[in-house]
Amino acid sequence: MELTNKNIMLECSKSKNENIKNLPENLNFLKSFLENEIPSKFNISILNIKTFEEIFKENPNQGTFLYWKEMDKRIELLWTTTGLKCKSIIKTIIDSINSGNYLSAIILIRALFENTAILHYYIWKIISTYNKIKSDENIKKIIRGEVMGTFISSELEDILILYSHGTRIEDLMKGNEKWNQKNILTIIDFLAKNKDWPDAREVYNILSEFVHPNMPTNLIFGNIAIENENLSFANFKEEQSSVIFIDSVSKAILICSQIIPQAIKSLKETKITP
């Protein structure tokens, strides 16, 4: 279902702010992209280290080929699973907006924004490594089996394992230090270093205000008016404020609608093996 909330669509259409005006279009575009580009299921098989070592010992070229075949599949795992998460989240965001449950929508948009920042982080780390490999003729000859040799990338391997196994749960990290996932604020700040999104941290902080029991979670249910310099009063009701919602999420949705499609398309094309 696309965005059908008439009140939201009317408020956006009247706005002079381009981010707000384009909010319905950006939401529907992102939902459509994810539905069309993300498969409903994905399978991957991983060789254990001992098996890899035996193959490398017997046939270095075959071991190198299988290694990079697995790296390619791990890249596919990254964009597929992130896409599945975003696809599920955006569907529920639109359902929440259509039902007028704006607080729920904002909380979900924060989750969408985090996944967007993760995609941005990994694509910057992965693409540069792959480009170095693709530009090296000797490495390409090894992978094609034209010359004998072995080539792996511990850096890329660590990045991809951090994505698939990364966690902040200490019990799961015991004995697996490389699984220590980066704090999400580190990822958000990395996004803010991009010249296109210098305000990413501020955008994220606004969304976070609605996740925590802070003032904005009160305001979305209320209307505060100042009678005079000595008196102010507030009315609170179950119906949530569409104006506060629109003002709080429009920039976040713009960033998500631009980064997610671009990142997934780029990662789809990132392969070493045929």
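Visitor: Why is tyrosine 163 called buried?

Guide: Its relative accessible area is 13%. Buried means under 20%, exposed means over 50%, and partly exposed lies in between, with a 1.4 Å probe and protein chains only. So tyrosine 163 counts as buried, at 13%. A word on the source: this is a predicted model, where local features need pLDDT of at least 70, side-chain atom pairs count only at pLDDT 80 or more, and totals for chains, interfaces and linings use all residues. Residues are numbered from 1 along each chain as its sequence is written, and side-chain values use heavy atoms, with hydrogens and water left out.

Visitor: Where is tyrosine 163, and which residues is it in contact with, leaving aside neighbours within four places in sequence?

Guide: Tyrosine 163 sits in helix H8, residues 154-165. Helices are DSSP runs of H or I with at least four residues, strands are runs of E with at least two, and both are numbered from the N terminus. Contact means heavy atoms within 4.5 Å. Beyond neighbours within four places, the contacts of tyrosine 163 include Leu77, Leu78, Thr81 and Tyr122. Leucine 78 is 85 residues away in sequence, yet its C-alpha is 7.1 Å from that of tyrosine 163.

Visitor: How do you know that the length of helix H5 agrees with its number of residues?

Guide: Helix H5 covers residues 60-98, 39 residues in all. The expected span is 1.5 Å times one less than the number of residues. That gives 57 Å, and the end C-alpha atoms are 57 Å apart, so the two agree. After H5 comes glycine 100, with a positive phi near 80°.

Visitor: What about cysteine 12: how far is its sulfur from the closest cysteine sulfur?

Guide: The distance is 16 Å, again to cysteine 256, so that is too far for a bond. Cysteine 12 is buried too, with a relative accessible area of 0%. By this rule the count is zero disulfides.

Visitor: And how many helices and strands does the protein chain have?

Guide: There are 13 helices and two strands. Of the 274 residues, 42% count as buried.

Methods: Disulfide = S-S within 2.5 Å.
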